[in-house]
Amino acid sequence: YQRRVRGDMTVYDDLFFSGCPKFLSPVVSENPTPFGTSGPRGLQLQVFKAEVEQQRLIPTLRSFLKLYTSIPISKLAKFLDMNENEVRCCLMAFKHKKEIARGDNVDQTTLDIDFYVDKDMIHISDTKIARHYGDYGE
C-alpha cells in the first residue's frame, strides 16, 4: 500500500502478474518467455499500466473540482503541480471515465459532479440530487 501511495508504478506490475491469467499469443514464437514482459503478457501489462496511469489522478482531480463552482485551468494546474496541457488531458480522461460509469451504472461516486471547459475556465456543477424529508423513511 505504501509503495502505491508514493506513486511507485512497479507495484502495479507485481499486482498484475500475480492476478492476471496466462495470455496466449496467436503466433508461435521461437523464443517463448512466459514470465517476461515481452509477448502477449507484456502487451496486456502495458495496456493495464496505461489505464492505471490515466485513472491515478481522478480522485484528486474530483476532490479539487468539488471545492469550486469555477476555477481557471492555470490555478488547478498549480494545485496539481502539472502544466495546463496535462490538466486538460486529465480532465478529458475524467470526463470519459465518468461517461463510461454513467452507462454501466457501476461507479456512482463520479456521477455527482459535472463540468465543462470554456476557454481557460472550468465550470463545475454539482449534480447530486438532494433527498427530501420523506425519502429518508425508506
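**Helix 3 and helix 2**

I started with helix 3 and found that its buried residues pack against helix 2. I call a residue buried under 20% relative accessible area, exposed over 50% and partly exposed in between, with a 1.4 Å probe and protein chains only. Contact here means heavy atoms within 4.5 Å. Helices (H or I, at least four residues) and strands (E, at least two) are DSSP runs, numbered from the N terminus.

This is a predicted model: local features need pLDDT of at least 70, side-chain atom pairs count only at pLDDT 80 or more, and totals for chains, interfaces and linings use all residues. Residues are numbered from 1 along each chain as its sequence is written, and side-chain values use heavy atoms, with hydrogens and water left out.

Which residues of helix 3 are buried? I listed Arg41, Gly42, Leu45 and Val52. Seen down the axis of helix 3, these buried residues fall within an arc of 90°, so they line one face of the helix. I took the arc from the directions between the helix axis and the C-beta atoms. The face turned away from the buried side carries the exposed residues Leu43, Gln46 and Val47.

I also checked the length of helix 3, residues 40-55. Its 16 residues should span 22 Å at 1.5 Å a residue, and the end C-alpha atoms are 23 Å apart, which agrees. The expected span is 1.5 Å times one less than the number of residues.

Next I looked up aspartate 13, which sits in helix 2 (residues 10-19). Aspartate 13 counts as buried because its relative accessibility is 16%. Not counting residues up to four places away in sequence, aspartate 13 touches Leu45 and Lys49.

I found an open sheet of three strands in the order 1-3-2, with antiparallel pairing. Strand 1 and strand 2 stand at the edges with a single partner strand each, so one side of each has no neighbour in the sheet. Neighbouring strands are turned by 20° against each other on average, direction ignored. Two strands pair if DSSP finds at least two bridges between them.

How many bridges join strand 1 to strand 3? I count three, between residues 70-72 and residues 121-126. Serine 70 has histidine 123 as its bridge partner, and proline 72 has methionine 121.

Strand 2 (residues 113-118) is joined to strand 3 by six bridges. Valine 117 is bridged to isoleucine 122. The hairpin of strand 2 and strand 3 has two residues between the strands, and lysine 119 takes a positive phi near 60° there.

**Helices across the sheet**

Helix 4 (residues 58-67) lies across strand 2 and strand 3, at about 85° to strand 2. Helix 5 (residues 73-80) lies across strand 1, strand 2 and strand 3, at about 75° to strand 1. Axes are lines fitted to C-alpha atoms, for helices over the stretch in contact, and angles run from 0 to 180 degrees between N-to-C directions.

**Aromatic rings**

I searched the whole structure and got five aromatic pairs. Rings of Phe, Tyr and Trp (its six-membered ring) pair if their centres lie within 6.5 Å; planes under 30 degrees apart count as stacked, over 60 as edge-to-face and the rest as tilted.

Phenylalanine 94 and phenylalanine 115 are stacked, 5.6 Å centre to centre with 0° between the planes. Phenylalanine 94 is in helix 6 (residues 84-104) and phenylalanine 115 in strand 2, 21 residues apart. I found both buried. Elsewhere I noted one aromatic cluster formed by Phe16, Phe17 and Phe48.
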